[in-house]
Amino acid sequence: MKGWATFLVLALAAGACAFEKIALVDGFDYAPEMDTETTDGMRKVLERVLETGADTILWRTHSGSVPRYASEAVDLATIETPLDKRRVPLTLPVRGWVRYQRCEPDALRTVFGLCADLPQVKCAGAHLLQEDAHGGRYWSLDSWTLDHPQYWCRSADGKMGMHHASFAYPEVIAHRRAIVREILARGAQMIYLDTTRNGGYGPRDDYVKPNLEEWARRHPGEAAPADFHDPRWLEVVARGHYAYYRAIREEIRATGRDVPFVITIGNVRIQNGPDWNYAGCGFDWRKVVDDGLVDGLAVVSISADEKDPFGSTERIFRHVMQYVNGRCKVYFPIRAYNFSKNQPSYEQLAKWAGISPPEAIRRLMEIAVRCGAAGIVMECVDPGNYPAADCEVIRKFNPRPRKP
């Protein structure tokens, strides 16, 4: 009975009666199978995604910084030239042309409208990227970024990189804020900022004028450190990111609607010093929580121990939950991507533990509930990422606390 009492307290704290199942959806990845530029094609993508049991749909809004809707914040004339799908990276076997900016009706409005008619979908929001160039590929830069090289990043040796416009500049934040305003106007019920998709950006790229001036103000007579891991340098760089997050909250507040703002953290591990997100993405997630900048924190990957995959996973989950301490919602990953040993997929965890992938998913969801999470994040629901047997576990999982 004592065990169930503990479970009940944790479950109620997380709203277990509404355990959320978030699906990140990149409609472009379905282009080889269906025409994703039409209402019918978008509906088919949603039907496929909902097979996982997802109840929150977060639709990718951009390719890098190129919008996938009829944005007014960028010059569509410079990007509307149809992109020959034969030139798409990874030699995807897609056909015809991609012109999401010219979809009729507007792509985001279409998706949000479709979701409103689907009883299973409780929330339809935007999967917004922090990057300008997806994976560092310049074909995904928007016209605004290309037209403003004065805001591009620079390395410690002064070399300019066009893959990212620095948040150290208020003008960059103003542009990004306009993007968020457009997305909210289209009816997004959640803003999910994907900070780990940052186009290869890092504080090593942010030796731009405003940051160097701030460094000089804080440390007179001392040159900015070439080692971007220096905690003092990270503090300087992070200012721009926090300003961006505040701007997003202000835009949400201006709508008068209850739209949760969620950001991602990745490669999470138990440590005391600066974590991967600070040195790799330019912000300290703990300060973001401390300052109340977000409504939710989505852990999209963890650095689990190969010798103790699920024990280490639970310890990491609890580490995050203990720090957050109820100040915002927390979501944990059911991750299909397996990029590295430090960011294993659920299938990799299953291999390490010698169990089946469906069993690994079940264990991960049970751990998430045990730790008090608000739900899980599926990263990403692309074609073939979640086989039918795995989807069945996610779909049927519905924790209901019992009376102690």
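This is a predicted model: local features need pLDDT of at least 70, side-chain atom pairs count only at pLDDT 80 or more; totals for chains, interfaces and linings use all residues.

Colleague: OK, how many bridges join strand 8 to strand 9?
Modeller: Strand 8 (residues 152–154) and strand 9 (residues 160–165) are joined by 3 bridges and run antiparallel. R154 sits opposite M160 of strand 9.

Colleague: And which residue in that hairpin takes a positive phi?
Modeller: That's G158, with phi near 90°; the hairpin has 5 residues between the strands.

Colleague: Where do N267 and N325 lie, then?
Modeller: N267 is in the loop between strand 11 (261–265) and helix 8 (276–281). N325 is in the loop between helix 10 (309–324) and strand 13. Neither is a glycine, yet phi is positive, about 55° for N267 and near 50° for N325.

Colleague: N267, buried or exposed?
Modeller: Buried, because its relative accessibility is 7% and the cut-off is under 20%. N325 is exposed, at 62% relative accessible area.

Colleague: Switching topic: what volume does the second largest pocket have?
Modeller: About 260 Å³. It has 16 lining residues, and the closest to its centre are A18, E20, D55, T56 and K122. The lining divides into 6 nonpolar, 4 polar and 6 charged residues.

Colleague: Last one: which residues does the cis peptide bond join?
Modeller: E104 and P105, with omega about -5°. P105 is in the loop between strand 6 (97–98) and helix 3 (107–116).

How values were computed:
Residues are numbered from 1 along each chain as its sequence is written. Side-chain values use heavy atoms; hydrogens and water are left out. Two strands pair if DSSP finds at least two bridges between them. Helices (H or I, at least four residues) and strands (E, at least two) are DSSP runs, numbered from the N terminus. On a 1 Å grid over the protein atoms alone, a cavity is a set of points where a 1.4 Å probe fits but cannot get out, and a pocket is an open set with protein on both sides within 12 Å along at least five of seven lines; lining residues have an atom within 4 Å of a point. Grid points are joined across faces, edges and corners, and a volume is the space filled by probe spheres set on the points. Ala, Val, Leu, Ile, Met, Phe, Trp, Tyr, Cys and Pro count as nonpolar, Asp, Glu, Lys and Arg as charged, and the others, Gly among them, as polar. Buried means under 20% relative accessible area, exposed over 50%, partly exposed in between (1.4 Å probe, protein chains only).
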